[in-house]
Structures are given as C-alpha cells and as structure tokens.
Amino acid sequence: MTHIIYKIYKLETNPSTNELDDLIIGGKIKFLREILLNNCQFKRDVNNDWILKFFVGKNYEQSFLISKNLFRRELCLSTSSLIIGKDDFNNNDAEILSSSVRENKSLKITDFTEYPSHYSHIDGKGISFFSKLDGQREQFERHIILQSLAYAYLGAIEFIANKLAEKINCHDCNIDELNELYIEAAKFNSMFFFHQPVLSKNTSLTETWKCIDKALDVNVSSNELLGQLSNVHYILNLEAEKEKAELDNRYQAKQDKLNTRFTIIGIIIGLLSLIELFK
C-alpha cells in the first residue's frame, strides 16, 4: 500500500519562481481554461514542493505551497490524502484517510463516492482519495491543483471585497479610487472567474470541481461579490448623476447671468435710443 499526504499552505508573500522548473503532472498542465493558465505559474522547487501562483501580477495575486512536509509554519488550508492499495477499498482504508485529513476516524466507506477508477471524498478539510491504480496518483495531484484554484478564488474575492468595503465605508470616499476598484473587480470577475474553470473535455475533473465548489462555497462567494459590485455600481451612478446635476446647475446659472446681462444691455440701448429720439 502506498500512502501519500499533501498539505496546502497559504503563502503571504509572492515568492520568485524564475529559477524553478515547471510542475509536470503527466505532462504539462492543460486542463484549465487558457486565460487562467496564461496568468498562473505552477512550479516545483528543489525540495519537490510545489509553488502555485494564481492571477500573477494582479493586486489580488494568490500563492500557495503544496508540500509533503506536514509541519510547516505557514497557514495550512487543507490536507489531501491518497492511498494506492492492492485490495478493494475497505473501512480500514477509509479510517486511515479520515485520520490523515480530519485527525479523526469520522469518515466511513459510505461517505465516499465511487468512480470507475477510484473512490473519493471532498469537503472543507480536504481530499480523501483511494485507488488501486498507480496511475491515479496524477489524477489525485490534479485534484490538488483544483482545490488550490478554489482557495485562490476565495482569497482574491476576499481581497477585492474588503478593499471595496473599506473604500465605501470611509467618510471622505474618493470616487475616482472607488471607480478604479470597481473596474478591477469587474475585470477579475469577467476574465478569471468561471463557474466551471475546467475544460469540458476533462469530464472527470469537471465533476471534481463541482464537488470542490460545493465544499468551499466558491460560487456563493462569487455571487456575494457580484452583489457588492452591483451596490458599488449604484453608488457610482448616483455620483455621476450628482456631478451631472451640478454641471447642469452651473451651466444654467451661467446662462441666467448672461441672459440678465443681455437684458440689462438691451434696456440701456433702449433708453439711449429714447434719449436720442427726444433730443
């Protein structure tokens, strides 16, 4: 029996990956949408740990360390456990996976979903995965990439939502800065966020994403951000209408002054004409 445990750690800084090799999982990673792949970096360091960076170069860039070292100081987000066994999946296997992911034996064999090639259970604690096929290790590692993407989405959404809330809540709200944040948030949502980020041809992984999304409420968080964006859009529209009204009022006041001047000039010209007439 082969038993492997990975932990996903959140990195608060964005480490340089220039000297690192690309992470290879059965070849180059290609199961995500192209726009995501073009803005992510998947690397492997000298310790065989993974460095995963999402939304590279953006203010909300997210970085993670995937490691078999179970006692690192960084914030641990979840644990993923794989068993490749020789016998059929049994309660003992379920308890081993449960202990490594949850630190208890609460998961039973009935909690796992059976697939043609493996058994798995995905929740907020992590991924529990059993297979009798050695080649399924790569599929398990792809699951970890997807779970990391879910945490990247959650981290980016939290960052953007907090920035918007701070800007709205301030007493002297800078509308220009709020508008810039709104544009940045709208671009994130339209460019990078997908309810299904896995290419449709990868059927098994699309189902995996659905399970991860359900466990971590990724789409729920996205919908909350959309609601906040709608409120910000309303505020910006109000401000635009206010500015337009002020411009209209200033224009009207200017026109009223001009009209008054023309009226006075007309009266003066009329009086001068009368004076000339009675001379």
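This is a predicted model: local features need pLDDT of at least 70, side-chain atom pairs count only at pLDDT 80 or more; totals for chains, interfaces and linings use all residues.
**A mixed sheet, its helices and its aromatic pairs**

Let me begin with strand β1, residues 2-11, which pairs with strand β5, residues 62-67, in the antiparallel sense over 5 bridges, and within that pairing Y9 stands opposite L65 in β5.

Stepping back to the whole sheet, 9 strands form an open arrangement with mixed pairing, in the order β2-β3-β4-β5-β1-β6-β9-β8-β7, and the edge strands, each pairing on one side only, are β2 (21-22) and β7 (113-114).

Turning to the helices, α2, residues 91-102, lies across β1, β6, β8 and β9 and runs at about 165° to β6, while helix α3, residues 136-169, packs on the sheet, touching β1, β3, β4, β5, β6, β8 and β9, with its direction also making about 165° with that of β6.

Now the aromatic residues, for which the structure holds 18 pairs. Y60 and F188 have ring centres 5.2 Å apart and planes at 75°, so this pair is edge-to-face; the pair links the loop between β4 and β5, where Y60 sits, to helix α4, which carries F188, 128 residues apart. Y60 counts as buried at 3% relative accessibility, and F188 is buried at 1%.

F89 and Y119 form a tilted pair, 4.7 Å centre to centre with 35° between the planes, and this one joins the loop between β6 and α2 to strand β8, across 30 residues. Here F89 is buried at 9%, whereas Y119, at 24%, counts as partly exposed.

Finally, Y60 and F188 belong to one aromatic cluster whose members also include F64 and W209, and the charged end of K10 sits over the ring of F64, 5.6 Å from its centre.

Methods. Residues are numbered from 1 along each chain as its sequence is written. Side-chain values use heavy atoms; hydrogens and water are left out. Two strands pair if DSSP finds at least two bridges between them. Helices (H or I, at least four residues) and strands (E, at least two) are DSSP runs, numbered from the N terminus. Contact means heavy atoms within 4.5 Å. Axes are lines fitted to C-alpha atoms, for helices over the stretch in contact, and angles run from 0 to 180 degrees between N-to-C directions. Rings of Phe, Tyr and Trp (its six-membered ring) pair if their centres lie within 6.5 Å; planes under 30 degrees apart count as stacked, over 60 as edge-to-face and the rest as tilted. Buried means under 20% relative accessible area, exposed over 50%, partly exposed in between (1.4 Å probe, protein chains only). A charge sits over a ring if NZ of Lys or CZ of Arg is within 6 Å of the ring centre and within 35 degrees of the ring normal.
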